[in-house]
Amino acid sequence: MVTALNATEFPAFTEIGATGQASIGATYSDGRVEPVMPADVQWHTSDPMVVTVTEGIVTATGPGNATITAHYEERQIAIPATVRIAVADTATLRLLYAVPSDREFRDDYSEFFRHVVTDVQGWYRNQLKGLTFSVYDDNPQRCQMAGDSEYYSRESWNRVLEGVQHCAPVEGNTTEHIWVLAVDVDMACTPDGSVGRWEDGYNQLYRGSSGLAILNHSTQDDGYDKMVRGEDWLWYYCDAGPWDASLLLATGGYAHEIGHTLGLPHLPGCNEWLPECDFDALMAYGNQIYPDGYLLPDEKARVMRSPFIDTTAPVIDQYHHPDDITIEGTVHTADNDPTDTLRVSVESDAFWGWAPVTPAGTFEIHLPADSSGRALLSVHTHDAEPCRWLGYAHTDGTLTTLAEHAATIDIAGANLSGLEVTLPATVNAMCAGTRTIGGTIVDPDGPVTDIWVTNYASDWHYSDDGSFELDLPTFGAGPATISIESPDCGFLGLYGPNGFTTDWDTAVGFWTGGVDTAGVVVTLPATVDELCARQATG
């Protein structure tokens with residue numbers, strides 16, 4: 001009678017297609033320990049997008065963490081399997097492990113960092129149907145900062161960022177790298193023992209912004225050793241807590257902050273706990289139920305435009321279901337430009353999907369059978385770094401970067417075919433040079449004169465006739481907003497869904513695509529003088 005199984009662990013795979021043999025031994029009631037033939041074992045993988053297993057032969061299929069389960073004689077054993085693919089190139093995520101001058105590097109901390117980021121890489125791949133970010137080097141770079149622990153406990157964000165510059169040129173909002181820093185730092189409490197506010201120099205770590213996240217786990221914390229061993233613990237922070245904590249919860253925190261580095265904001269209404277918040281979404285509070293949190297369809301569309309997402313990855317059949325509906329069409333290119341460097345996606349608030357374009361110019365996107373509603377068709381490339389998104393299919397059959405000028409397709413839970421998109425130029429031509437956005441500013445009396453327009457990211461324009469044209473940021477730098485400013489009273493508002501808003505959360509963001517954006521109409525709700533008067537009276 002078999003009383004237990006044992007298995008030998010194998011090291012992390014570092015290449016797609018690499019294989020390893022899982023070996024199982026059985027312990028019998030009389031004390032014998034004998035090897036088990038792989039063909040006599042039932043094998044299962046928790047994630048075939050990371051590894052597959054056939055008669056004990058494990059094959060790496062994509063980056064991430066998975067578990068191989070072996071069943072034999074009513075016993076089972078779990079074998080961890082990890083695939084880490086490092087690509088020392090630009091448009092990748094870089095890992096930096098930093099410690100103050102009075103603390104030492106710990107190998108278990110570094111391994112925890114590697115494990116978590118690999119797990120998050122696999123999570124994004126499953127959310128994005130085969131797409132994920134690439135890692136520059138899965139072995140985190142180490143950096144000893146000059147200041148001691150107390151120095152970094154206040155004004156932590158800027159001090160840590162300054163403290164690592166001698167090791168690497170860490171900065172956010174670039175198209176070169178996303179930086180994720182794990183720092184061994186305790187954040188200080190206020191004199192009255194509370195968590196404190198960012199603007200007062202407190203509570204500044206475990207945060208992410210465009211292209212940069214700084215996360216802290218103190219080795220002085222009582223729960224640290226439990227965390228790296230994968231055990232649950234109770235977490236306190238100043239006068240707050242205790243909270244239940246776990247390795248999964250920590251991993252979900254990384255997934256959430258990496259979402260910020262990819263350009264995803266918090267979901268509107270969630271910080272205020274409003275009922276319209278989708279609380280289980282990753283960028284709300286879905287990190288607390290990791291890996292069961294999720295990206296919303298519009299977030300998937302946004303992340304796919306990032307230069308840090310590897311769009312060369314194929315759509316893998318596992319993401320297709322026999323009941324799926326298909327969206328089929330053809331992309332026509334200029335000057336016989338190859339089409340196999342292109343990707344097409346369907347985007348709506350309710351569903352999202354993508355597919356590669358074949359050398360013949362055709363595409364077939366699979367969507368869940370219950371997909372229904374209006375959607376837009378987007379075209380992407382992976383052949384011109386950091387250019388990714390080329391634009392929406394225009395009503396005239398070409399491309400536009402303005403959603404209101406895009407052709408809508410009606411999805412009604414049934415297959416759709418015959419869609420056609422024509423690119424106005426070659427991919428290299430569309431991805432070269434500076435793109436612009438232009439339009440007019442009007443109020444109830446007509447075109448607005450004597451007004452400033454800016455996207456903050458790259459350009460300002462003074463208009464004396466109501467028209468404007470701005471340079472857009474470089475590809476991959478994220479969406480730009482159009483801000484309207486009066487020479488007399490400053491900020492008036494932003495371009496929004498109905499032409500105007502004063503709320504940054506609802507402002508329309510413009511992505512740099514493969515064509516210039518024209519025809520934007522900013523509609524002020526009153527004259528500039530009236531808006532300035534309202535500001536003056538509060």
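Reader: Is Ala-4 buried, partly exposed or exposed?

Author: Ala-4 is partly exposed, because its relative accessible area is 30% (buried means under 20%, exposed over 50%, and partly exposed in between, with a 1.4 Å probe and protein chains only). Please note that this is a predicted model, in which local features need pLDDT of at least 70, side-chain atom pairs count only at pLDDT 80 or more, and totals for chains, interfaces and linings use all residues. Residues are numbered from 1 along each chain as its sequence is written, and side-chain values use heavy atoms, with hydrogens and water left out.

Reader: Where does Ala-4 lie, and what does it touch?

Author: Ala-4 lies in strand S1, residues 2-7 (helices, H or I of at least four residues, and strands, E of at least two, are DSSP runs numbered from the N terminus). Leaving aside residues up to four places away in sequence, Ala-4 touches Gly-25, Ala-26, Thr-27 and Arg-75 (contact means heavy atoms within 4.5 Å). The C-alpha atoms of Ala-4 and Ser-29 are separated by 8.9 Å, and these residues are 25 places apart along the chain.

Reader: What about Ala-301, buried or exposed?

Author: Ala-301 is buried, because its relative accessible area is 6%. Ala-301 is found in helix H6, residues 297-304, and touches Glu-347 and Trp-352, not counting residues up to four places away in sequence.

Reader: Glu-347 is in S18, I think. How many residues of that strand are buried?

Author: In strand S18 (residues 342-347), 6 of its 6 residues are buried. Leu-342, Val-344 and Val-346 point one way, while Arg-343, Ser-345 and Glu-347 point the other way.

Reader: Why do they point in two directions?

Author: In a regular strand the side chains alternate between the two faces of the sheet.

Reader: Which strands does S18 pair with?

Author: S18 runs antiparallel to strand S21 (residues 372-384), with 6 bridges joining them, and antiparallel to strand S19 (residues 352-356), with 5 bridges (two strands pair if DSSP finds at least two bridges between them). Arg-343 stands opposite His-380 in S21, and its bridge partner in S19 is Pro-356. A hairpin through 4 residues joins S18 to S19.

Reader: Which residues of S6 are on the covered face?

Author: Val-51 and Val-53 form the covered face of strand S6 (residues 51-54), whereas Thr-52 and Thr-54 form the uncovered one.

Reader: Moving on to sheets. What is the order of the one with S8?

Author: The order is S5-S8-S9, in an open sheet of 3 strands with antiparallel pairing. Its edge strands are S5 (42-45) and S9 (75-83), each of which pairs on one side only. The twist averages 20 degrees from one strand to the next (axes are lines fitted to C-alpha atoms, for helices over the stretch in contact, and angles run from 0 to 180 degrees between N-to-C directions). Helix H1 (residues 107-127) packs on this sheet, touching S8 and S9, and its direction makes about 85 degrees with that of S8.

Reader: And how are S5 and S8 joined?

Author: 4 bridges join S5 to strand S8 (residues 64-72).
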